[in-house]
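Please work through each task before reading its solution.

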Amino acid sequence: MSQLKIIGKPISRDDAWAKAKGELKYADDFSLPGMLYGKVLHSKYPAAKIISINTEKAKQFSGVRAVLTAGDVPHNETVTRFGQSSEVGKGFEGLYRVLADKKVRFMGEAIALLAADTEEIAEEAINLIEVEYEPLPGVFDPVEAMQPGAYLVGEVDSNIIAQFGCAQGDIERGFKEADIIIEDTYKVPFVDHAYLETESGIAWIDENSVINIRVGSQVIEHFRDVADVLGLPHNRVRYRGTMMGGGFGGKEDITVETYLALLTWKTKKPVRLVYSREESILCHSKRHPFIMHYKVGAKKDGKLVALEAELISDAGAYPYLSPWVNLYATVNAAGPYCIPHIKVNTYCVLTNNTFTSANRGFGAPQPNMAYESIMDELAHQLSINPLEIRRINCLTTGKALSTTGQTFKTYVALPEVAEKAWEALGNPTRIKDKYKKVGQGLAIGLMSYGRMTFLHDSSRCYVRLESDGSILIRSGIPDLGGGQVSILCQIVAEELGVPMSKINIYYSDTALTPLAGTTTATRQTYMSGNAALKAAREIKKRLIYKAAQMMNVHTDNLDIGEEKIIVKYKPSQYLPLIEAIKACNADGIELFCEAQFNGPFTMTPDLSNIRGMIFPDFTFGAQAVEIAVDIETGEVEVLKLVTCYDVGKAINPLSVEGQMEGGSIYGLGYALMEEVIIKDGVTLTPSFSEYIIPTSADVPEAKAILVESGGGLGPYGAKGIGEPACSIIAPAILNAIYNAVGVRIKSLPATPEKIIRTLKGQFN
Amino acid sequence: MHNTRFLTQEFEYFVPHTLSEALDLLFTYQDKRTKILAGGTDLLVKMKTLGIGVDYLININEISEIKNVELDKGLKIGAAVKLSQLEKMKAVKEEYPALYEGITSMAAIAIRNMATLVGNICNASPAGDTIPPLVVYGAKLRIVSKKGERVIPLEDFISGVGETILKRDELVSQVIIPEPYKDLGSAFCKKGRVKADIAKINLAVGIERDGDICRDCRIVLGSVFSKTLRAYKSEEILRGKVIKDDLIISAAKRAAEEIKPIDDVRSTAEYRNELARVMVEDTLHIAWERAGGKRW
Ligand SMILES: Cc1cc2nc3c(=O)[nH]c(=O)nc-3n(C[C@H](O)[C@H](O)[C@H](O)COP(=O)(O)OP(=O)(O)OC[C@H]3O[C@@H](n4cnc5c(N)ncnc54)[C@H](O)[C@@H]3O)c2cc1C
């Protein structure tokens, strides 16, 4: 391949400048004449019968334009979807209920919608809706909820909504062969996405009677689900996505769009609705808590022979994406290790807690915390160093993933990433303070990029070369802040030899941009990147074909760069791009192309024993940290933080480093402080006064090491990095704490309170 | 569910330009739900989240008499002086380091640009970060009303969580901090969940040194009781004694026994007891060194 000019260069993104200057317009930075303000009434109880709802007083209140309850919604109950194009079967489909009907299942569940002339009126009038409840006992612990006879959260006869299994070898024989067996239980809590931009948007009906929704969504394909709720043809609902102030999986489900659509449909007026921070924390999805029971067996030399895991997750009150998240957790349960005998069972259980769904990592970080803790314990008990135990057992190129048997033909960067991260950490820092103990920890992991192959995923992109040599791209791609939009521009700029400044892109519009699929599953660089590449290369081919005729040179000898079509062996001989464009236009050669890229397609697997290809490929990474624990206060200070991933090819190294650093910090909060505390269904951490995340002042210097193997399935060999980047750091920190003070924290977050308590317990 | 995005209540809003105007308003509306607005960083939050109802809001930020700091034998800080203004003053940083440390530990600069010292006091939170340092320095408050004025020690001002002895027609116009003893060493310490956070525990200590002896001392802790708490028995251990390491250790132990912490969303009582001992010990060491005392 000729030398890359734009790919691989640290490009500062247009959206980054706009964000830094405060110029970027988010979903709610938008008004329309005559706009109303929407408001949602949320349930006061986690579990209750709704005896009656009286909306009369609210309706009478001056300035109120509409009040809606379940009965006003044309199709109040549909099925949760996330843009899949294949039939996946009932096992994955959960009930999506727009407004609570007869029963509430969690505190914060939407019961009624209201639209009013001002935000103040809406706020006041919402309290005039009278709901008579009859509180029900509810169930708040997933293990309890699994038992026969437990309180039923939903309307079906079990709270267990999904079960998955993986098995290989003979688990009993495996443990018999083991010289050492370690067994333990690990727990991870609910956490919030904590994006800067809360769930918000604005909707209106346009001159063609189409409901337009301007919203920050990771899945603009939800326009279909909104249309289904309203009973409208799909082409009567249009999403116009905006740049998002963070998504992290929280904008993968429908957020406020259905509410907006219903209110605008009912009032025929534009409506804006913006969640407060408290609504965002109380009423929208959280990351799944898991209880993970692990048992591993190994030989004296450290070689793993058996792994058994039972994972129980709290789905909260509605399924949403819980089955999918639990499938990911199941496939990830044995980590990137080769183990002959495996048994994994996963149970996903409804409770009357806030519902859980996608959160960056999508089921990978939870088991990673468990298996990397137990691997560290194994290394400790066998007196093998943490890097060595991973070297002995890790997956390598050509080997198969233990859970599913999927083999890796592409390069598996293990143990390379672990070695690089561990080495970069260097010798332990010496600290004078006798109460501060320094420790180092390592963890490795894998995470898929691209959606599950049985979803038959595809993406589309349109590219048009203008007569003046500028380029227009149209792609449905939503941008969460990860630089998804900019990546497409870079790819097209590279392929067509045009500077970034001459590219303009329209994105995230379900009516006018070709659908590019969801910005989830770390799939956009891979999927839409390939679609953009395909479209650009098609146009390139046509240009070169024409230029070859004009220059009388064979097409094989021509290339495009710097707005010229150049003779490869004699770069001084070239045709200006603009001349080729003119000639193509005159000849009627199409200088536009809409291309579709399809991922690999497979059948839906047997969910009780998942085998074969489930994901197109994985990203492998390692995280090494050095921390100091104050043995008197239990405080943990992160001194060094090294992240190393094989990203295949860094299309924009600035964005990749941003993902790796940001991902680490996202995971650092998970490790040390973040927890949505829900007691008997009541959230005790409803704002950022109680729910604490790391701030810039709490963040250590982070070092990102990029391995570029070129072995990815994305354009130029790129892999995905967005979610993998946050999935490994928590156990690295826990392992470092163990290394420093000899206590193993088995439930996140590792707060000073827990560390001191465990330390004291150990000495007593 | 409350909405922190905006204020929904209706109220009358006044911006007096003189103290007497403000006092007239307070007098006139003393039987109504009347509130003084300084930086609003506590009050507005409470109006949104706790639904505190207000009929009359009196903004005191335009009253020139209370907008300055007098530097004459100590400090006299007006009620409308912003925290960020104080932290920039050399006198605060050098003469009253515990106050300086307390202020700079608070929130982020945007909040400190709005918030006032008097607001932190009148809010009477057990976790207020400037209160322990001010008690250490023996601060007094000038309290004024249409009828007159009184000056009372800060220690006697706060009566419980969010409660003070202020009468409905009164306001605090000034904080008076006396000149410190020449060999006073003082320090502040705070532990939160993250760098900018409300304290799990905060504390300030002051030791007046006379040779090797602690002539007098104050140990004041926050977030361990319904109001700022002075560890009198712990102070007793040090007062009049030759300062030694073991003395500091036993004073710290004693202080940890004197506090009455609770479990809350920020921490646990069990942990706070442990933490208090460590913090008091460390901070006593720092203060003693700052007083010019020897370290062993
Ligand atoms: C994000 C954030 C972080 C924070 N972090 C911290 C922290 O780390 N530590 C901490 O201690 N606090 C913190 N606070 C609380 C708050 O900022 C401080 O207590 C601040 O000093 C309050 O001052 P203010 O001028 O804003 O008070 P206001 O909110 O204006 O007033 C507070 C109370 O005092 C009354 N009042 C004000 N002035 C007078 C007066 N002259 N006479 C009589 N009554 C009066 C008001 O009526 C009100 O009841 C934080 C607040 C926020 C929003």
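Two exercises with worked solutions follow, based on a predicted model.

**Exercise 1.** Describe the shell of residues around the ligand and its polar contacts with the protein.

*Solution.* 

Step 1. Collect the residues with a heavy atom within 4 Å of the ligand. There are 30 of these, and the closest are B:Ile36, B:Thr41, B:Asp42, B:Thr116 and B:Asp129.

Step 2. Sort the shell by class: 17 residues are nonpolar, eight are polar and five are charged.

Step 3. Assign the shell to secondary structure. In chain B, β2 (34-37), α7 (117-122) and β10 (171-177) each contribute at least two residues. The most comes from α7(B), which gives four residues.

Step 4. Search for N or O pairs within 3.5 Å. An oxygen atom of the ligand lies 2.6 Å from a polar side-chain atom of B:Thr41. For B:Asp129, a polar side-chain atom is 2.6 Å from a nitrogen atom of the ligand. The backbone also takes part: a polar backbone atom of B:Asp197 is 3.4 Å from a ligand oxygen atom.

Step 5. Consider the cover. On its own, the ligand has 980 Å² of accessible area, of which the protein covers 87%.

**Exercise 2.** Determine the strand order of the open four-stranded sheet in chain B and examine the pairing of β12 and β13.

*Solution.* 

Step 1. The order is β11-β12-β13-β14 in chain B, with antiparallel pairing.

Step 2. Identify the edges: β11 (184-191) and β14 (229-230) of chain B each pair on one side only.

Step 3. Between them, β12 (201-210) and β13 (213-222) of chain B form an antiparallel pair over nine bridges. Within this pairing, B:Ile207 stands opposite B:Cys217 of β13(B).

Methods
Residues numbered from 1 in each chain as written. Chains lettered and ligands numbered in written order. Predicted model: local features only at pLDDT ≥ 70, side-chain atom pairs only at ≥ 80, totals over all residues. Heavy atoms only, no water. Polar contact = N/O pair within 3.5 Å; in protein donor to acceptor, adjacent residues only side chain to side chain. Areas by Shrake-Rupley, 256 points an atom, 1.4 Å probe, with all protein chains shown as cover. Nonpolar A, V, L, I, M, F, W, Y, C, P; charged D, E, K, R; others polar. Pairing = 2+ DSSP bridges.
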